[in-house]
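User: Please examine the structure shown below and discuss the surroundings of its ligand and the pairing of its strands.

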Amino acid sequence: MNLNSVVEVKRPASADEIRQWRDGYAWLAGGTWLFSEPQDATDTLIDLDQLHWPALEASSAGLDIAATCRIAELYRFEGPAEWIATPLLRECCNCFLASFKIWNAATVGGNICMSLPAGPMISLAAALEATLTLWPRDAAPREVPAVDFVTGNHTNVLQRGELLRNIHLPARALSRRFALRRASLTQLGRSAALLIGTRSVHSDDDLLITITATTPRPLQLRFDRFPSANDLRQAIDARIPADSYFDDVHGVSACAPSCATAVSLASRRAATPAIAAPARSGSTGCRCIPA
Ligand SMILES: Cc1cc2nc3c(=O)[nH]c(=O)nc-3n(C[C@H](O)[C@H](O)[C@H](O)COP(=O)(O)OP(=O)(O)OC[C@H]3O[C@@H](n4cnc5c(N)ncnc54)[C@H](O)[C@@H]3O)c2cc1C
């Protein structure tokens, strides 16, 4: 839609050109959310496109994803054979409720900065233990763990004018086995619960579970010893009280108990055969049926 409140679009070649931040400014990435509803408080868009950050840079340390990397670019990434979690990138892209336009225009950073519960790039970054590099306007760059970036529904740790620059996925995490389970209230609908488990290839004990979409912000459960289904269910219940599930039209509040059960059972199944598989594993959608 047209944004009638916008009177200027800046196209800086470097983020340093924007030193003074004022009310009315907004960073523009893919624009898929910015142009989807009125932005009455915004009069100036600052387009990130001309910064020309390389979308994806792989090294022995891991994968650096520029905030401006498009979802379609991430989807096409092919990692080295030892990064057996690479298919998780594609699986998380597939968790978007996305049209062709969103798929090709939306950015990884835009999705993380939107900080919606069903933001699949948040799920991906948290599950693969990413570190986010943030560029404040008037201070040195800082780094935050991805799992701590989102603080609630549509809120995060970004300070005024601060820019998300980079998402670093460590090689260690990319080399873990994984499984993803997604629950939605409708067949192709937005995620109501998204759960990702990862395990080391060297140990059958450890397990890292990342829960998103069903909670306002990502939650992580780390186990040194592989939990029984009951232990896993209890750990999820202890971490997510019944009234803490995210409550909206796509959410699961009406069916939280059954969804929690489904999620914990799905996660247990995910954790066992799929994560135990030596190489690439697939995802399974599961519908949440109200109790
Ligand atoms: C039909 C439809 C379906 C959608 N489906 C989903 C979905 O399934 N899941 C979901 O999470 N969202 C969804 N969205 C919302 C939105 O499109 C996505 O979150 C998308 O990933 C946003 O990315 P973008 O690059 O287009 O961000 P933009 O719209 O350009 O920006 C989004 C916000 O983030 C800020 N921002 C962008 N990049 C940066 C940066 N690098 N540093 C600091 N701030 C930044 C902007 O200022 C703005 O406030 C949907 C939207 C529509 C219209």
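The questions and answers below concern a predicted model.

User: Which helix or strand gives the most residues to the shell around the ligand?
Analyst: The elements that contribute two or more residues to this shell are strand S2 (25-28), helix H3 (100-105), helix H4 (108-114) and strand S10 (163-170). Among the 32 residues around the ligand, those that come nearest are Ala29, Gly30, Thr32, Gly110 and Asn111. The element with the most, at five residues, is H4.

User: How many residues of the shell around the ligand are charged?
Analyst: The shell draws at least three residues from each of domain 1 (8-51) and domain 2 (56-172). By class, 21 of its residues are nonpolar and ten are polar. The number of charged residues is one.

User: Which strands are the edge strands of the open sheet of three strands?
Analyst: The order in this sheet is S1-S3-S2, and the pairing is parallel. On average, neighbouring strands are turned by 25° against each other, direction ignored. An edge strand pairs on one side only, and this holds for strand S1 (8-10) and S2.

User: Which residue in S3 is the bridge partner of tryptophan 27?
Analyst: Strands of a sheet pair through backbone hydrogen bonds, in either the parallel or the antiparallel sense. S2 and strand S3 (residues 44-47) pair in the parallel sense, over four bridges. In S3, the partner of tryptophan 27 is isoleucine 46.

Key:
Residues are numbered from 1 along each chain as its sequence is written. This is a predicted model: local features need pLDDT of at least 70, side-chain atom pairs count only at pLDDT 80 or more; totals for chains, interfaces and linings use all residues. A residue is near a molecule or strand if its C-beta atom, placed from the backbone, lies within 6 Å of it. Ala, Val, Leu, Ile, Met, Phe, Trp, Tyr, Cys and Pro count as nonpolar, Asp, Glu, Lys and Arg as charged, and the others, Gly among them, as polar. Domain bounds come from an automatic or database domain assignment. Two strands pair if DSSP finds at least two bridges between them. Axes are lines fitted to C-alpha atoms, for helices over the stretch in contact, and angles run from 0 to 180 degrees between N-to-C directions.
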